[in-house]
Each structure stands twice: as structure tokens, then as C-alpha cells.
Amino acid sequence: MLKGAVARRYAQALYEIARDKNALETMEQELKGIAEAIEGTRELQKVLYHPQVLPSEKKNLLKALFADKISAETMNFLGLVVDKRRENYIAGIAAEFSALANEARGKVAAEVTSAIELSEEQKQQLVQVASRLAGKEVEPTFTVDPSLIGGVVVKIGSKVIDGSIKTRLATLKSRLMSKTS
């Protein structure tokens with residue numbers, strides 16, 4: 001809970017700066033790239049998240065990695081995050097920033113998980129239905145989880161629409177177990 005609140009607060013601050021500078025798209029892409037780089041590199045995480053590594057060393061490392069790839073505002077923001085010892089929130093901040101940017105564009109992110117890879121036609125149909133349900137344009141990310149057995153799970157914000165066979169079987173099992181007790 002605390003992690004989400006902290007990430008939201010920092011994302012909101014950066015969002016306001018990006019909106020004022022008319023740089024939402026740019027900063028969103030920069031943050032996503034930074035978060036992906038950090039989350040995808042074990043060695044970087046070890047240094048960045050280690051409490052005994054000085055903030056100045058962390059900032060120098062981030063500058064060496066990203067200074068020529070991101071705007072000065074984003075670089076300054078990263079420096080602030082490190083100074084406040086909130087570097088382990090960068091991925092959460094990026095996600096919250098994207099949510100704020102999508103909201104400003106009238107879009108909402110959706111996570112679609114299916115048991116098998118969906119065809120393009122199925123994906124388009126799912127996006128249309130999800131957009132109608134959300135009342136906004138949906139920006140989907142598709143993943144495959146064979147443990148669902150069949151069906152799909154769609155998560156839009158805090159709403160979850162679970163049409164998976166796995167959940168249906170678990171519900172059926174629960175009902176059967178409660179009737180035998």
C-alpha cells in the first residue's frame with residue numbers, strides 16, 4: 001500500500017512537469033525505458049537498490065547509462081528520486097506515470113491474459129469489448145498463461161473480469177466442498 005502511494009506521489013509530480021512542458025509522450029517513453037532497463041538488469045538492481053552505495057555514486061551510474069538518452073528533466077527527476085532514497089520505486093513511478101498520461105489522453109491500460117496465444121481478430125474483438133466496458137479507449141498488453149486452462153482474464157484498472165476455466169473449476173470445487181461439509 002505504501003509503495004503504491006509513494007509511486008503515485010512522485011508520478012503525479014513528474015506528470016505535472018511533463019504536462020507543463022508539453023512532454024508527456026517523451027517522458028513516458030523515457031521512464032518506461034529506464035524502468036525496463038533497471039528491472040531487466042540484475043547487476044544494476046544490486047547497485048541501485050543497495051543501501052550502502054552512496055546516492056552520488058548511484059546518480060553518476062544513472063548519468064553514465066541514461067544522460068545521452070533522456071531529457072534533462074527526466075535526469076533531474078531520477079537524481080531527486082535517488083537523493084530521497086526512493087530508487088526502488090522507479091518501476092512503480094513509471095507505471096503510475098503511464099496511467100496518468102493515459103487518463104489525460106482518455107485511454108486506460110488493460111492487461112489481457114489468455115490460456116493460448118490469441119489471433120489478431122480475437123485481440124481486436126477483446127479490445128472493442130473492453131473499450132465498451134471501460135468507456136474509454138483501451139491500451140492492451142497481452143500475455144499467455146497456460147495454467148488458465150482456457151478462457152481469458154482481463155484487468156482494467158482495479159476491475160478484473162475473469163473468464164478462465166481455472167477460476168470456474170476452483171469456484172465449482174468450492175461449491176461442491178461446501179455442500180459436502
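A charge is taken to sit over an aromatic ring if NZ of Lys or CZ of Arg lies within 6 Å of the ring centre and within 35 degrees of the ring normal. The model in every view is predicted.

**Figure 1. K123 and the ring of F142.** The charged end of K123 is placed over the ring of F142. Its distance from the ring centre is 5.0 Å, inside the 6 Å limit given above.

**Figure 2. The chain as a whole.** The chain holds eight helices and four strands. In sequence order, these elements give the pattern α-α-α-α-α-α-β-α-β-β-β-α. The radius of gyration is 20 Å, whereas the globule rule gives 16 Å for 181 residues; the chain is therefore more spread out than a compact globule. Along the principal axes, the C-alpha atoms fill a box of roughly 60 × 40 × 30 Å. Buried residues make up 34% of the 181. When contacts between residues at least 6 apart in sequence are considered, 65% of them join residues at least 24 apart. The accessible surface is about 11400 Å², and carbon and sulfur atoms account for 55% of that area.

**Figure 3. The aromatic pair Y10 and F77.** Two aromatic pairs are counted in the model. In the pair formed by Y10 and F77, the ring centres are 6.4 Å apart and the planes stand at 70°, so the arrangement is edge-to-face; the threshold for that class is over 60 degrees.

**Figure 4. The aromatic pair Y15 and F97.** The ring centres of Y15 and F97 are 6.3 Å apart, and because their planes meet at 65° the pair is edge-to-face. Y15 is in helix 1 and F97 is in helix 6 (residues 90-104), so the pair ties together parts of the chain that are 82 residues apart in sequence. Both Y15 and F97 are buried.

**Figure 5. The surroundings of A18.** A18 is a residue of helix 1. With a relative accessible area of 0%, A18 is buried. Residues up to four places away in sequence aside, A18 touches A23, L24, M27 and F97. One of these, F97, is also the partner of Y15 in the edge-to-face pair. As a distance reference, the C-alpha atoms of A18 and V153 are separated by 33 Å, the two residues being 135 apart along the chain.

**Figure 6. The annotated segment, residues 10-44.** An unreviewed UniProt entry annotates residues 10-44 as "coiled-coil region". In the model, this stretch is 86% helix and 0% strand.

**Figure 7. S71 in the loop between helix 4 and helix 5.** S71 is located in the loop that joins helix 4 (55-66) and helix 5. Its relative accessible area is 18%, and S71 is therefore buried, as the limit is under 20%. Beyond its neighbours within four places in sequence, S71 is in contact with M27 and E30. M27 is also among the residues touched by A18.

Figure 8. N60 is part of helix 4. Its relative accessible area of 49% makes N60 partly exposed; the exposed class begins over 50%. From C-alpha to C-alpha, N60 and G79 are 9.2 Å apart in space, with a sequence separation of 19 residues.

Figure 9. R85 is not a glycine, yet its phi is positive, at about 60°. R85 is found in the loop between helix 5 and helix 6. At 39% relative accessibility, R85 counts as partly exposed. I149, another residue other than glycine, has a positive phi near 70°. I149 is in the loop between strand 2 (137-144) and strand 3 (152-156). With a relative accessible area of 53%, I149 is exposed.

Conventions: Residues numbered from 1 in each chain as written. Predicted model: local features only at pLDDT ≥ 70, side-chain atom pairs only at ≥ 80, totals over all residues. Heavy atoms only, no water. Phe/Tyr/Trp six-rings, centres within 6.5 Å; stacked < 30°, edge-to-face > 60°. Helix = DSSP H or I, 4+ residues; strand = E, 2+ residues; numbered from the N terminus. Buried < 20%, exposed > 50% of the residue type's maximum accessible area, 1.4 Å probe, protein only. UniProt positions renumbered as here; feature names shortened; annotations may be inferred. Rg over C-alpha atoms; globule rule 2.2 N^0.38 Å. Contact = heavy atoms within 4.5 Å. Areas by Shrake-Rupley, 256 points an atom, 1.4 Å probe, with all protein chains shown as cover.
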